[in-house]
Amino acid sequence: MVLKNLQAVLEALRSGNNGELYVQADRDNQRMQQVVRAAAARGLAVHRVSSEQLRTLAGDDHRGFAFQSAAGLAGQSGASAERLSFEQWLEQNQDTEAVVVFLDGITDPHNLGAVLRSADVFQVDAVVLPARRSAGVTATVVQTSSGAAHYVPLYQVTNLNRAIEAAQQAGFWVYGADMDGDSAADTDLKGRVGLVMGREGAGLHQQTARLCDKIVSIPMRGNVDSLNVSVAAGILLYEIRRQHGWR
């Protein structure tokens, strides 16, 4: 994965992400100096390359530097065999106010990145998405998240509905987001909460919606009757954490 956005590169370095930094040899500015210092502080390799070499690695829209990340899933460190599965994470997590976000077929990488940014802000404990028919973790996702993707524990699962059922068995009350649901502000969102966000435009799959313990909505009074999924996720996560006592 190649990152070329300043904030995404800095957060990759701060979060312990391994990789190599490439900087344009005949160019220098404050941003480049900042990422070079951050990479050097981690003891990572810094390669000074030509403009043409950097363009080959990062494309025409680079800012004079690019970080080639050695990590796999954002928020998960170590070799694949060492990572916990979502079910293993559920067994270990004892937080009475844990929050898990389930993404039901979010295919736009910009929306996924924006959801991860909100997930980090509201200290979501895990984000779960299906391995198929969903946006994967790409450089676009990481950069749209402003680097937040490096901090949010992210799990890709074979079957999202089974993951939701496993969370319910672990004591999570699962709420699906839909404009026809009850107002989130009038719903008790305390305790261990699972929040299911549906597809752009189409919303929740019918079977997934039926699994939810309750469907909630955001009261709206404007002329447009829907919100972008990432905006809606941020509002609902705020309400959940507000009810958890965040001030």
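I looked up the aromatic pairs first, and the structure holds six of them; rings of Phe, Tyr and Trp (its six-membered ring) pair if their centres lie within 6.5 Å, with planes under 30 degrees apart counted as stacked, over 60 as edge-to-face and the rest as tilted. I note that this is a predicted model, in which local features need pLDDT of at least 70, side-chain atom pairs count only at pLDDT 80 or more, and totals for chains, interfaces and linings use all residues. Residues are numbered from 1 along each chain as its sequence is written, and side-chain values use heavy atoms, with hydrogens and water left out.

I then turned to F86 and Y155, whose rings form a tilted pair at 5.8 Å centre to centre, with 55° between the planes. F86 lies in helix α4 (residues 86–92) and Y155 in strand β7 (residues 154–157), so this pair ties together parts that are 69 residues apart in sequence; helices (H or I, at least four residues) and strands (E, at least two) are DSSP runs, numbered from the N terminus.

I checked accessibility next, where buried means under 20% relative accessible area, exposed over 50% and partly exposed in between (1.4 Å probe, protein chains only). F86 is buried at 2%, and Y155 is buried at 7%.

My next entry is F122 with W246, a tilted pair at 6.4 Å centre to centre and 35° between the planes. F122 sits in the loop between α5 (109–121) and β6 (126–130), and W246 in the segment after α9 (229–243), so the pair ties together parts 124 residues apart in sequence. I found F122 buried at 16%, whereas W246 is partly exposed at 36%.

Last, I noted that ring pairs link F86, W89, F102 and Y155 into a cluster.
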